[in-house]
Amino acid sequence: MLSSTNAITPNGYLRFRDYLQKACGISLSDNKQYLVASRLGKILEREGFTTIEKLVDALQKYGSSKLKEEVINAMTTNETLWFRDVHPFSILKEKVLPEMTVSPLRIWSAASSTGQEPYSISMVIEEFKASRPGLLKAGEKIVATDICTNILQHAKQGEYDSLAIARGLGPDLQRRYFDKVNDSAWKIKPHLSARVEFKYLNLIDSFSMLGKFDVIFCRNVLIYFTVDLKLDILKRMHASLKPGGYLFLGGSEALSGLSEYFEIVQCHPGIVYKAKSR
């Protein structure tokens, strides 16, 4: 098993870093050899690759789609929790949803990981409808996408162990919106999961097949991309928003050089970006 960076030569690391960026947009810095070694060790051992160069050679061969999928799954960060950062979900309920009550509501959760974000959005919609009866009559749809195929399968099941449930979810919401499966697992209630559709999507690819959205959540993923790719993704997300639609980014992410595309809306606390007409 490749357990240390000693097995990754400088040239091999550069080749893998270049491959990963072209394959899914993830940009590794110069000092991530240990991360690569720890995440790919099991794959290298199973396939009999003694160096990272041999893995890259295999990835670049025709018919390596299954291996490519496994490598991307291994290298993808899937850190998440319920109602992460809190403010975006408050802004969604108090500011955004009251403006979205005429036509069917469509929300995109990009890089949705194990499903906590889209299911949190679904809970917010449920709370909003309870507090504002008669609104959102046209229906709601949440499209949740990710590049990690095994994570998508987990998210579709909507079942979480006690540790995952405890990360950001209060006991009241747990009782209200989850069914107990056994002593250590809970499953999201069907009426909440029914409005969420999970799909595979690589953010470097086209979004056109997803259609138009009122709201896009793209949080804590753009930090892994180069500046040029980040700008390209944000411009294409603008094109995927309906006029006046809203974009939520992560707390450490910000729009730069796109003032002609988005207007900053200060919500005190928190901010959201509103798509300008072009």
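Ser113 is buried, with a relative accessible area of 5%; buried means under 20% relative accessible area, exposed over 50%, and partly exposed in between, using a 1.4 Å probe and protein chains only. Ser113 sits in the loop between β1 and α6 (116–131). Here, helices (H or I, at least four residues) and strands (E, at least two) are DSSP runs, numbered from the N terminus. The phi angle of Ser113 is near 55 degrees, a positive value in a residue other than glycine.

Before we go on, keep in mind that this is a predicted model, in which local features need pLDDT of at least 70 and side-chain atom pairs count only at pLDDT 80 or more, while totals for chains, interfaces and linings use all residues. Residues are numbered from 1 along each chain as its sequence is written, and side-chain values use heavy atoms, with hydrogens and water left out.

Now look for Leu136, in the loop between α6 and β2. Leu136 is not a glycine, but has a positive phi of about 55 degrees. Leu136 is buried, with a relative accessible area of 3%. For a contrast, turn to Lys212, in the loop between β6 and β7 (213–218). Lys212 has 45% relative accessibility and counts as partly exposed. From Lys212 to Ile125 there are 87 residues in sequence and 19 Å in space, C-alpha to C-alpha.

Let us follow the strands next. Two strands pair if DSSP finds at least two bridges between them. Seven strands form an open sheet with mixed pairing, in the order β6-β2-β1-β7-β8-β10-β9. At the edges stand β6 (196–200) and β9 (262–266), each with a single partner strand, so one side of each has no neighbour in the sheet. From one strand to the next, the twist averages 25 degrees; angles run from 0 to 180 degrees between N-to-C directions, and axes are lines fitted to C-alpha atoms, for helices over the stretch in contact.

Within this sheet, have a look at strand β1 (residues 105–110). Five of its six residues are buried, so β1 is largely enclosed by the rest of the structure. Five bridges join β1 to strand β2 (residues 140–146), and the two run parallel. Ile107 has Ile142 in β2 as its bridge partner. Strand β8 (residues 241–249) and strand β10 (residues 271–275), by contrast, run antiparallel and are joined by two bridges. Tyr246 stands opposite Lys274 in β10. In the loop between β9 and β10 you will find Pro269. The peptide bond leading from His268 to Pro269 is cis, with omega near 5 degrees.

There is also a hairpin to see. Strands β4 and β5 form it, with two residues between them. Strand β4 (residues 178–182) runs antiparallel to strand β5 (residues 185–188), and four bridges join them. Lys180 stands opposite Trp186 in β5.

What about the aromatic rings? A pair of aromatic rings is described by the distance of the centres and the angle of the planes. Rings of Phe, Tyr and Trp (its six-membered ring) pair if their centres lie within 6.5 Å; planes under 30 degrees apart count as stacked, over 60 as edge-to-face and the rest as tilted. A search of the whole structure finds nine aromatic pairs. In one of them, the rings of Trp82 and Phe178 have centres 5.4 Å apart and planes at 85 degrees, so this pair is edge-to-face. Trp82 lies in the loop between α4 (65–75) and α5 (87–96) and Phe178 in strand β4, so the pair ties together parts that are 96 residues apart in sequence. Both Trp82 and Phe178 are buried. Together with Tyr119, Tyr160 and Phe198, Trp82 and Phe178 form one aromatic cluster.

Some rings have a charge over them, which here requires NZ of Lys or CZ of Arg within 6 Å of the ring centre and within 35 degrees of the ring normal. Arg106 lies over the face of Phe213, 4.4 Å from the ring centre. Likewise, the charged end of Arg236 sits over the ring of Phe207, 4.3 Å from its centre.

Finally, visit two helices. The axes of helix α2 (residues 33–47) and α4 come within 9 Å and cross at roughly 150 degrees. The helices α2 and α4 are therefore roughly antiparallel to each other; angles under 35 degrees count as roughly parallel, over 145 as roughly antiparallel, 65 to 115 as roughly perpendicular and the rest as oblique.
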